[in-house]
Amino acid sequence: MKDFHLRKLKMILNNFSKFSKKIAVISDSKKKYTYQDLLNKIEIHSRLFKKKSVVLIICENNEATLFSYLSIFKKNFLGILIPSNLDLEFINKIVKNFNP
């Protein structure tokens with residue numbers, strides 16, 4: 001079942017270009033991002049990561065987290081999503097164990 005959902009999300013990402021001019025996301029600051037903007041951001045963010053990387057994302061409810069998450073998913077990186085309110089000591093343990 002998990003593979004089904006992953007394939008479905010991958011298919012959705014691959015079809016973003018069909019809706020390139022439509023609004024995909026509106027940020028808290030009311031900035032509007034089209035699907036084409038998302039594709040561009042995904043490409044930019046994915047360049048930050050080495051191939052076959054384990055990527056740790058300290059998450060907040062913002063567009064940077066969204067772009068990073070979509071980038072790691074679309075490029076088949078292993079992503080670890082960590083809430084930003086976790087204790088720094090716990091985050092350091094994760095970094096030490098996974099070496100992202």
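The questions below go from the whole chain to single residues.

Mentor: This is a predicted model, in which local features need pLDDT of at least 70 and side-chain atom pairs count only at pLDDT 80 or more, while totals for chains, interfaces and linings use all residues. Residues are numbered from 1 along each chain as its sequence is written, and side-chain values use heavy atoms, with hydrogens and water left out.

Trainee: What makes up the secondary structure of the chain?
Mentor: The chain has four helices and four strands. Helices (H or I, at least four residues) and strands (E, at least two) are DSSP runs, numbered from the N terminus. Along the sequence their pattern is α-β-β-α-β-α-β-α.

Trainee: How many of the residues count as buried?
Mentor: Of the 100 residues, 28% count as buried. Buried means under 20% relative accessible area, exposed means over 50%, and partly exposed lies in between (1.4 Å probe, protein chains only).

Trainee: Why is His 45 called buried?
Mentor: The relative accessible area of His 45 is 14%. The limit is under 20%, so His 45 counts as buried. His 45 belongs to helix 2.

Trainee: What is His 45 in contact with, leaving aside its neighbours within four places in sequence?
Mentor: His 45 is in contact with Ala 64, Phe 67, Ser 68 and Ser 71. Contact means heavy atoms within 4.5 Å.

Trainee: What span does helix 2 reach, and what is expected?
Mentor: Helix 2 covers residues 35–46, which is 12 residues, and reaches 16 Å from its first C-alpha to its last. The expected span is 1.5 Å times one less than the number of residues. For helix 2 the expected value is 16 Å, and the span is close to it.

Trainee: Which residues of helix 2 are buried?
Mentor: They are Leu 38, Leu 39, Ile 42, His 45 and Ser 46. Seen down the axis of helix 2, these buried residues fall within an arc of 135 degrees, so they line one face of the helix. The arc is that of the directions from the helix axis to the C-beta atoms. An α-helix has 3.6 residues a turn, so residues three or four places apart point the same way.

Trainee: How do you know that strand 1 and strand 2 pair?
Mentor: Two strands pair if DSSP finds at least two bridges between them. Strand 1 and strand 2 have three bridges, in the antiparallel sense, so they count as paired. Ile 23 stands opposite Thr 34 in strand 2.

Trainee: What stands out about Lys 30 in that hairpin?
Mentor: The hairpin has five residues between the strands, and Lys 30 takes a positive phi near 75 degrees. Lys 30 is not a glycine. Its relative accessible area is 63%; exposed means over 50%, so Lys 30 is exposed.

Trainee: Why is Asp 28 called exposed?
Mentor: Asp 28 has a relative accessible area of 66%. The cut-off is over 50%, so Asp 28 is exposed. Asp 28 sits in the loop between strand 1 (23–26) and strand 2 (32–34).

Trainee: Where is Asn 76 found?
Mentor: Asn 76 is in the loop between helix 3 and strand 4. Its phi is near 65 degrees, a positive value in a residue other than glycine. Asn 76 has a relative accessible area of 60% and is exposed.

Trainee: In which sense do strand 3 and strand 4 pair?
Mentor: Strand 3 and strand 4 (residues 78–83) pair in the parallel sense over six bridges. The bridge partner of Cys 59 in strand 4 is Pro 83.
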